[in-house]
Amino acid sequence: MAEMGSKGVTAGKIASNVQKKLTRAQEKVLQKLGKADETKDEQFEQCVQNFNKQLTEGTRLQKDLRTYLASVKAMHEASKKLNECLQEVYEPDWPGRDEASKIAENNDLLWLDYHQKLVDQALLTMDTYLGQFPDIKSRIAKRGRKLVDYDSARHHYESLQTAKKKDEAKIAKAEEELIKAQKVFEEMNVDLQEELPSLWNSRVGFYVNTFQSIAGLEENFHKEMSKLNQNLNDVLISLEKQHGSNTFTVKAQPRKKTKLFSRLRRKKNSDNAPAKGNKSPSPPPDGSPAATPEIRVNHEPEPAGTATPGAALPKSPSQSSLPAVVVETFPAAVNGTVESGSGAGRLDLPPGFMFKVQAQHDYTATDTDELQLKAGDVVLVIPFQNPEEQDEGWLMGVKESDWNQHKELDKCRGVFPENFTERVQ
């Protein structure tokens with residue numbers, strides 16, 4: 001019997017809840033259609049808007065803080081791996097090995113401490129702050145349902161009072177239900193009217209405390225990390241002093257070894273190649289066109305397939321045994337902008353001059369078409385005659401001292417690694 005009674009109570013409660021939902025749904029439809037008035041509270045609605053905004057901002061802050069913590073953890077792992085690598089390459093007989101190992105250990109502890117303090121002083125506080133929102137959000141929704149119940153009870157009571165045939169018993173019962181619905185709604189409404197503004201105002205202090213904690217922890221972390229880095233730097237300086245003769249050498253980028261001038265000369269020599277069967281060409285007689293190279297300088301870029309002869313340069317004795325070479329000039333690049341003929345019109349600079357660089361390291365040429373550089377040498381950079389010949393990381397140029405002395409591109413120019421130099425003009 002007790003079991004059946006329990007089932008009856010449960011069934012009755014379910015039926016009551018279903019009836020409430022149907023009544024609320026019907027009331028909302030009537031309100032939307034304008035057939036029933038709706039109780040409005042603009043002040044409360046503003047509080048709800050503020051609540052939703054506050055919840056959205058807090059949720060985003062929590063997400064970004066978790067991302068920040070994940071980044072700190074990732075940086076910790078990367079720093080730990082880097083220090084482990086240093087320990088592996090640090091040979092036992094090098095000075096400062098124990099100091100470097102201790103610094104790495106302190107570095108690891110500092111990262112751990114920083115991460116844990118961020119969790120304790122920022123993330124947990126953030127979680128506590130957001131923990132109050134779900135309950136209030138649920139109560140706001142319940143308050144909305146109770147407001148619909150109150151409006152429905154009010155409309156039912158009003159309809160019975162205005163009916164032509166009044167039933168006093170039904171009116172009395174409807175009035176009782178209205179008073180009950182009104183009491184439940186007002187109790188919830190009063191509590192929320194007090195809590196929501198207070199919660200909204202608390203956000204300022206929370207944001208201040210949270211970001212002050214993060215900023216303070218980060219500041220202290222970087223101060224301590226700076227000390228460790230300085231200590232490690234001192235250890236490495238000591239190592240460098242003891243092994244100073246084995247300095248690190250700057251290396252150029254690898255080249256394809258395209259011997260520009262050798263190929264150019266082979267191409268020009270093919271014009272004066274001996275007849276088939278001759279093993280070597282006979283030297284051209286003095287005064288012949290082949291003995292006097294014709295060097296033409298074009299001051300402006302030519303359209304493809306055309307060649308306009310320019311002013312002939314003076315003949316140099318060193319050129320008497322070379323075939324004719326045509327030197328084309330290219331537009332100079334100034335600050336990334338091409339200016340046609342900017343270098344050709346200046347007598348103190350080679351044709352097509354683009355900019356100057358200064359060698360920061362010595363460079364030993366490894367091929368005949370490369371420049372030999374000493375730290376401090378100034379090089380006048382000019383374009384490649386054929387852009388396809390340029391290897392990545394390499395430039396074409398002529399040392400300023402050679403150009404001032406000879407004024408001959410074929411004799412002075414060559415390629416050199418860009419990373420051995422620094423642009424000065």
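**Entry 1**

I noted the accessibility classes before anything else: buried is under 20% relative accessible area, exposed is over 50%, and partly exposed is in between. I also reminded myself that this is a predicted model.

My first stop was Lys-407. Its relative accessibility is 38%, so I put Lys-407 down as partly exposed. I found Lys-407 in the loop between H7 and helix H8 (409–412).

Next I went to strand E8, residues 394–399. How many of its six residues are buried? I counted six of six, so strand E8 goes into my notes as mostly covered. I then sorted the side directions: Trp-394, Met-396 and Val-398 point one way from E8, while Leu-395, Gly-397 and Lys-399 point the other way.

Strand E7 (residues 378–382) runs antiparallel to E8, and four bridges join them. Here I found Val-379 opposite Lys-399. Strand E9 (residues 414–417) also pairs with E8 in the antiparallel sense, over four bridges. For Leu-395, I wrote down Phe-416 in E9 as the bridge partner.

**Entry 1: salt bridges**

I moved on to charges. Side chains of opposite charge can pair when their charged atoms come close. My search of the structure gave 12 salt bridges, and I looked into a few of them.

Glu-158 and Arg-154 meet through their side chains at 3.7 Å, N to O. Why are these two about one helical turn apart? I see them in helix H4 (residues 133–161), and they are separated by about one turn because they lie four residues apart there. Glu-158 has 34% relative accessibility, so it counts as partly exposed. Arg-154 has 13%, so it counts as buried.

Glu-219 and Lys-223 form a salt bridge too, at 3.7 Å, N to O. I placed both in helix H5 (residues 168–242), four residues apart, about one turn of the helix. Both ends are partly exposed: I have Glu-219 at 46% relative accessibility and Lys-223 at 48%.

Then I checked Glu-400 and Lys-356, whose closest N and O atoms are 2.8 Å apart in a salt bridge. Glu-400 lies in helix H7 (residues 400–406) and Lys-356 in strand E6 (residues 355–359), so this pair ties together parts that are 44 residues apart in sequence. Is Lys-356 buried or exposed? I read a relative accessible area of 15% for Lys-356, so buried is the word. Glu-400, at 22%, counts as partly exposed. I also noted that salt bridges with shared partners join Asp-135, Arg-139 and Glu-195 into one network.

**Entry 2: helix H3**

I turned to helix H3, which covers residues 97–131 and has 35 residues. Where is the kink in H3 centred? I found it at Val-119, with a bend of about 35 degrees.

**Entry 3: rings**

I took a look at Tyr-114 and Phe-221: their ring centres are 4.3 Å apart and their planes are at 15 degrees, so I logged the pair as stacked. This pair links distant parts of the chain, with Tyr-114 in helix H3 and Phe-221 in helix H5, 107 residues apart. I have both Tyr-114 and Phe-221 down as buried.

I also wrote down one aromatic cluster, formed by Phe-51, Tyr-129, Phe-133, Phe-206 and Tyr-207.

To finish, I looked for charges over rings. The charged end of Arg-143 sits over the ring of Phe-44, 3.6 Å from the ring centre. I found the charged end of Arg-203 over the ring of Trp-200, at 3.6 Å from its centre.

Key
Residues are numbered from 1 along each chain as its sequence is written. This is a predicted model: local features need pLDDT of at least 70, side-chain atom pairs count only at pLDDT 80 or more; totals for chains, interfaces and linings use all residues. Side-chain values use heavy atoms; hydrogens and water are left out. Buried means under 20% relative accessible area, exposed over 50%, partly exposed in between (1.4 Å probe, protein chains only). Two strands pair if DSSP finds at least two bridges between them. The expected span of a helix is 1.5 Å times one less than its number of residues. The bend at a residue is the angle between axes fitted to the seven residues ending there and the seven starting there. A salt bridge is a side-chain nitrogen of Lys or Arg within 4 Å of a carboxyl oxygen of Asp or Glu. Rings of Phe, Tyr and Trp (its six-membered ring) pair if their centres lie within 6.5 Å; planes under 30 degrees apart count as stacked, over 60 as edge-to-face and the rest as tilted. A charge sits over a ring if NZ of Lys or CZ of Arg is within 6 Å of the ring centre and within 35 degrees of the ring normal.
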